[in-house]
Structure formats: structure tokens, C-alpha cells
Amino acid sequence: MTLSSLPGIFRRRLAFAGTALVLLLSGCATTLPPDPATAPTAPQASTVPAPTPAPRSLPSYRLPSDIPLSAIGISNTSTHGVASLDAPADLWDRIRRGFAMPDLQGELVRDREQWYATRPDYIQRMTERSSRYLFHIVEEIERRNMPMELALLPFIESAFNPQAVSSARAAGMWQFMPATGESFDLRQNVFRDDRRDVLASTRAALDYLQQLHNRFGDWHLALAAYNWGQGNVNRAITRNQRLGQPTSYTDLTMPAETRQYVPKLQAVKNIIARPEAYNTTLPLIGNHPFFDTVTLQRDMDVAVISRLAGISEADFRVLNPSLKQPMVMAAGTPNILLPWDNAVIFEDNLSRHTGPLASWTAWVVPTTMSVAQAAARVGMSESELRSVNNIPPRMQVRAGSSLLVPRTDKRNGDVPSHVADNARLSLQPDVVLSRTTVRARQGENLTRLARRYGVSPVSAADWNKLAVNAPLKAGQRITLLLPKRATVASNAKKPVTKAASSSKSKTTTASTRKPVKAKAASSSSKTRVATTTKK
């Protein structure tokens, strides 16, 4: 059947469809821009208006006709290192995703794996303890783009116990030594120890680890330096370089503790990565904050904070382990940590609180005095003052010491920052002084006499109403306050010394040197005998 044999209505419809198809195909075609070299030159002058230019279309990327198409093949479209868009199921999953250190292999790692795997109770205790602090540490490590293995380091250092103290006096979750803590602005005084502070110690530890990594360019060496000291690792590397030996962590000669340090961390990493392989069950730790930070504007008793927050004092101190006293000083520790929900409760209750916030304050001792004298000055019993300020028996409090004392009408202000940040407790032996009269020697002044008896020239001048360097006549009597213990001991020796001197003076010439020594001892012992005139 030809087109002409079709009825007219069908021919018209078919023609219309064909026209529409041509128009559709011409509209979809890509228009090539004209080649400037071959385009006709427009006349210089024309009375005919130029047509409106058509809109520019996208350039064509079709291959020239003389280039053959290559055969379609099959290739691998898998990619590497694509992060999952799913939110971590819990904090352990988030930690696993952040592991970035090269794995350490070897017998020491397998030994530590076995050690931890055979102590499931120990793993359970320290992982449960970590649940309070781990989210904050993970957040800080991610913010700094550091390897997530570092979040496990407190497992090795302290088993996540912020009150841990080593035999070398390292303290806190991250086990800072006193001097290292000071170099990273961790305050340590009688009122607080920032090496135990959760926020401050984490900040300092990550600062230190970043500094060590920048120095050595290797995380295993940085961890060795964190444990052993930067100088020791430097010397070990230099020693190997001189011998032409490698300088990686496993190649250096180091103490056994440092040799096992990274293997311990690797073992914990392996257990966290695959707990089922080690027959271990990790406690569920949600991927959300455990605590919130609350800023204090005024000093507050720990008891008041705990009551307003609806928690026990023990739970408060678990999150604020740096505090040593029953009061938080806003000038020194303005930020406290509270469980997330309890922080809201605290702020709500604080806004409606009308009673006193603090019943304690700090008192700087104006002059050296006994604990009994200090207690009488501040209206406390001696035993209470000793207990609150941790003062041992038989000790005096020296001038400049800072003591925690009850607030009164005269002492009712908040502790200033210079006291909160630099408070110290300086003690000296609490000895009983006995009034003793001594005699000056030929050509001696008051300063020389005072030093001969081991007392302060200023004190001696005050006791005798004389100038510090006042000249003295031979035999002039001077009053001194000397320790009673020393005078008692000298009294016991005095009769023996005289008897020895008397008996030995009658011996043969071969023993003539012994009486001389006895006389010297006798003379020395007399200088500290109470209520005796001496020469």
C-alpha cells in the first residue's frame, strides 16, 4: 500500500506526524557556532536591519567522523576510603572509624592482648569509668584532626581514673608530672590540681602530643616521648643514627615500660576494634555528651552545688576531680561539669536560690604562727583547721600561707584570683622556744652572736631591744629564744661531758688529745642550755 492509496484523512495525519517529528529532531540538534574564518563578511553599510542573533547553544563534543569509536569494556568502579554517611551507632563505632595510626605487630602486642583478654572484669571497670569522659575526648581529637587511637591513651595511663597518682608523682587521667603540667598551664596549689581537671588536662595532653608529633613526625615516637620524655627519645635516635641503625620506635633502645607502651595501646585498639574476637563485651556508650559545662559567677560550696543539681557530692567530684576543698572558687575554677540533664536542673534551681552560696573563704596568714593560734584567729577548733587544710601535727603555719576558713562578717568576700591561682601552704616544725641568757664573746656584735646560736639577727635584736649590728662587750648578757628540745638534749650531755673531761685530764700523755675534744664538746653543749649564763 502506497501513501497515495490511503484515505485523505490518514494521509493528513501521517504528514502532520512526520512534520512534528522533523521539528522535534531539529530542535534537539546542537547548533555549531560559525567558524570566524569562513563566515561571510557583513556589508559595511546596509539599510536592512540585522536579524536578532539566535541564543548561543552548548558546544558540541562529538568526535570527528574519521576517528573510530573504541569498544565498550568493563572496568572496576569501586572506590577507596569512602566514608559511610550513616551516623555511628555508638561512641565505640565512632572511635573505630577514626583509627588512623599504622598498626604495630609483634610478640609484645600479642602478649598485651592476652593480658587484657584474660581480665574481663578489669576491662569492664575501666570502660565503664571512661563513659563519663570519652565523648569529650573524642570531640576534641576530631576537632584537631588527630588519630582516634589517642582517645584510648587514658586506658594505658590511668585506666581512666582522674584521681590516679603514680609513684613518680604523675597525676590525673593523662598522668602529667608536676613540672610538665606547669609548662602546659596546669595549676597545682593547695586548693586545686588541674592535672586532674577533665577539660584542662585533656587540652594539655593533646597539645603536648601534637607538639611531640610535630617534633618527631611519627605517632609511635611521639607516644614514646610522652611516656619517656622528649630528651630521652632524642638521645636514643641520635645514638642509632651514629651507629647507622634505623630510628623507628621498634629500633630504639628504651626502658621496658616505654618498650611496652605502644604495644599496650595497640592491644587495646585491637580489642575495641573487634571485641568479639577477644571474648569481650564493651558497655554501651551513647554517641552524645555525658556532661555539660556550667560557669559560676560566685564562690559556691560543693554541698550547695550538689544539692541544687540534684546529685551527690561524690558524683560531683567524679566530674570535677581537680577540686581539693569543700568550696569552688569562681576566680580559679569558673567552669564546673555536671551531668547533662542535671546542668539544666542546677541553673533553674540557682535562679530561684535565695540563701548563702558559700560558707568558706580563703585567709592568707599574716605572720608565722602555730595552728592553735591560727585557729583562734579565725574562730575554728585546732583539729578542724588541721583537717580542712591538711596540716600535719607538730607543724607551724608560715606567713603567706593560704588557709580555707569559715566566712564571717569580716571575711565574707569571694576569693580573689591571685589567691585562687597561687595559694600555697608553707609549714615549719612546731618547736617550743625557751628563754635563754647567753654571754657575748670578745669583739662580737649582735648579728654574729645570733648566727652562732642559729637564730635570726632580726629576732635577736627585737628580743633585746637593740640594733641588728649593735656592738657587744665581752661577757654582755643577751636573751635568746632557743628550741627547748635542743636545750633538753644538751642538759643530758652536760654532766657526762664534764666527767669525761675531768677523768681524762688525769690520764697519761698519750691521751692528752682526748680531754681537748671533751672540752670543746662541753663548750658547745653549754650554748643551748636554758636559764644558764654562758660564755
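1. Helix α9 gives the most to the lining of the largest pocket, with four residues. Helices here are DSSP runs of H or I with at least four residues, strands are E runs of at least two, and both are numbered from the N terminus. Besides α9 (219–228), α6 (153–157) and α12 (261–273) each supply at least two residues of that lining.

2. A word on the basis: this is a predicted model, in which local features need pLDDT of at least 70 and side-chain atom pairs count only at pLDDT 80 or more, while totals for chains, interfaces and linings use all residues. Residues are numbered from 1 along each chain as its sequence is written, and side-chain values use heavy atoms, with hydrogens and water left out.

3. The largest pocket holds about 430 Å³ of space and has 20 lining residues, with E157, A170, Q175, Y226 and N227 nearest its centre. Volume is the space filled by probe spheres set on the points, which are joined across faces, edges and corners.

4. By class, that lining has eleven nonpolar, six polar and three charged residues. Ala, Val, Leu, Ile, Met, Phe, Trp, Tyr, Cys and Pro count as nonpolar, Asp, Glu, Lys and Arg as charged, and the others, Gly among them, as polar.

5. The second largest pocket has a volume of about 350 Å³. Of its 14 lining residues, Q396, Q428, V431, L433 and L481 lie nearest the centre. At least two residues each come from β9 (427–429), α20 (457–464) and β11 (477–483). The lining divides into eight nonpolar, five polar and one charged.

6. Now to the packing of α9 against α10 (residues 230–242): their axes come within 7 Å and cross at roughly 125 degrees. Axes are lines fitted to C-alpha atoms over the stretch in contact, with angles from 0 to 180 degrees between N-to-C directions. The two helices are therefore oblique to each other, as angles under 35 degrees count as roughly parallel, over 145 as roughly antiparallel, 65 to 115 as roughly perpendicular and the rest as oblique. L221, A224, A225 and W228 of α9 meet Q230, N232, V233, A236 and I237 of α10 in the contact (heavy atoms within 4.5 Å).

Conventions
1 Å grid on protein atoms, 1.4 Å probe; cavity = no way out; pocket = protein on both sides within 12 Å on 5 of 7 lines; lining within 4 Å.
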